[in-house]
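Q: I have a sequence and a structure open side by side. Can we read some features together?

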Amino acid sequence: MASVLRSFKAISPALRRPIVAQQPLRAFSVSVNRSAGHGPPQLLGPGAKAGEVPTDEAQSTGIERFELLGKLEGVDVFDMKPLEITRLGTIENPIPVYSLYPQRQVGCTGYPADSHDTIWLNLTTENKYARCPECGSVYTLNFQGDEALLDGGDDH
Ligand SMILES: [Zn+2]
């Protein structure tokens, strides 16, 4: 029994030490910069000061920040306006849909606009046309983006 108590006393100082490991503090921005590698420049806000609730301008990052900064300058960076349909698209004269990505979904509401419920069509660079099964209007993708995206470089 005495030997058990002796061995307990021998390890007890180690048990009194805090278990939390001492790790060096690392700023979050350092991690991002290290992993950024070859990608596009990161859009990072300055963050909130200690004790303050961050605003969207302070905390937004990436594509959200890009959109927010555009709105502050009065620019709709993603062109969220609906397509202006002035005619029915045909195979000979399809309605071009501008896109920076090799795939885009288009909601057709017919011609004139809102003549039928929205039908979603999937436009891709592989398929030259997409025809609405309700009104027959034909759309085509007007791809203006980075050609590297065509190789399947981004699976998003
Ligand atoms: Zn339609």
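Q: Let us start with the second largest pocket. Which residues lie nearest its centre?
A: K81, P82, L83, V106 and G107 lie nearest the centre of this pocket, and its lining has 21 residues. The elements that give two or more residues to the lining are β1 (95-99) and β2 (103-108). β2 gives the most, with five residues. The space in the pocket is about 500 Å³.
A: Now the terms. On a 1 Å grid over the protein atoms alone, a pocket is an open set of points with protein on both sides within 12 Å along at least five of seven lines; a cavity is a set where a 1.4 Å probe fits but cannot get out; lining residues have an atom within 4 Å of a point. Grid points are joined across faces, edges and corners, and a volume is the space filled by probe spheres set on the points. Helices (H or I, at least four residues) and strands (E, at least two) are DSSP runs, numbered from the N terminus.

Q: What kind of model is this?
A: This is a predicted model: local features need pLDDT of at least 70, side-chain atom pairs count only at pLDDT 80 or more, and totals for chains, interfaces and linings use all residues. Residues are numbered from 1 along each chain as its sequence is written, and side-chain values use heavy atoms, with hydrogens and water left out.

Q: How does the lining of the second largest pocket divide by class?
A: It divides into 11 nonpolar, five polar and five charged residues. Ala, Val, Leu, Ile, Met, Phe, Trp, Tyr, Cys and Pro count as nonpolar, Asp, Glu, Lys and Arg as charged, and the others, Gly among them, as polar.

Q: How many cavities of 30 Å³ or more does a search of the whole structure find?
A: The search finds one. The largest cavity has a volume of about 30 Å³. E67, K71, V75, D76, V77 and F78 line this cavity. By class, its lining has three nonpolar, no polar and three charged residues.

Q: Which residues of α4 are buried?
A: R65, L68 and G70 are the buried residues of α4. Buried means under 20% relative accessible area, exposed over 50%, and partly exposed in between (1.4 Å probe, protein chains only). What covers these buried residues includes α3 (56-59). After α4 comes G74, with a positive phi near 80 degrees.

Q: How should I read phi and the peptide bond?
A: Most residues other than glycine have a negative phi, and most peptide bonds are trans. Now look at D79, in the loop between α4 (62-72) and β1. D79 is not a glycine, yet its phi is positive, about 50 degrees. D79 is partly exposed, with a relative accessible area of 42%.
A: Next, go to the loop between β2 and β3 (119-124), where P112 has its place. A cis peptide bond joins Y111 and P112, with omega about -5 degrees. D114 is also found in the loop between β2 and β3. D114 has a positive phi of about 65 degrees although it is not a glycine.

Q: Is D114 buried or exposed?
A: D114 is exposed, with a relative accessible area of 65%.

Q: In what order do the three strands of the open sheet come?
A: Strands of a sheet pair through backbone hydrogen bonds, either parallel or antiparallel. Here the order is β1-β5-β4, and the pairing is mixed. β1 and β4 (130-131) are the edge strands, and each pairs on one side only. Two strands pair if DSSP finds at least two bridges between them. β4 and β5 (residues 138-143) run antiparallel, joined by two bridges. A130 has Y139 in β5 as its bridge partner.

How values were computed. Contact = heavy atoms within 4.5 Å.
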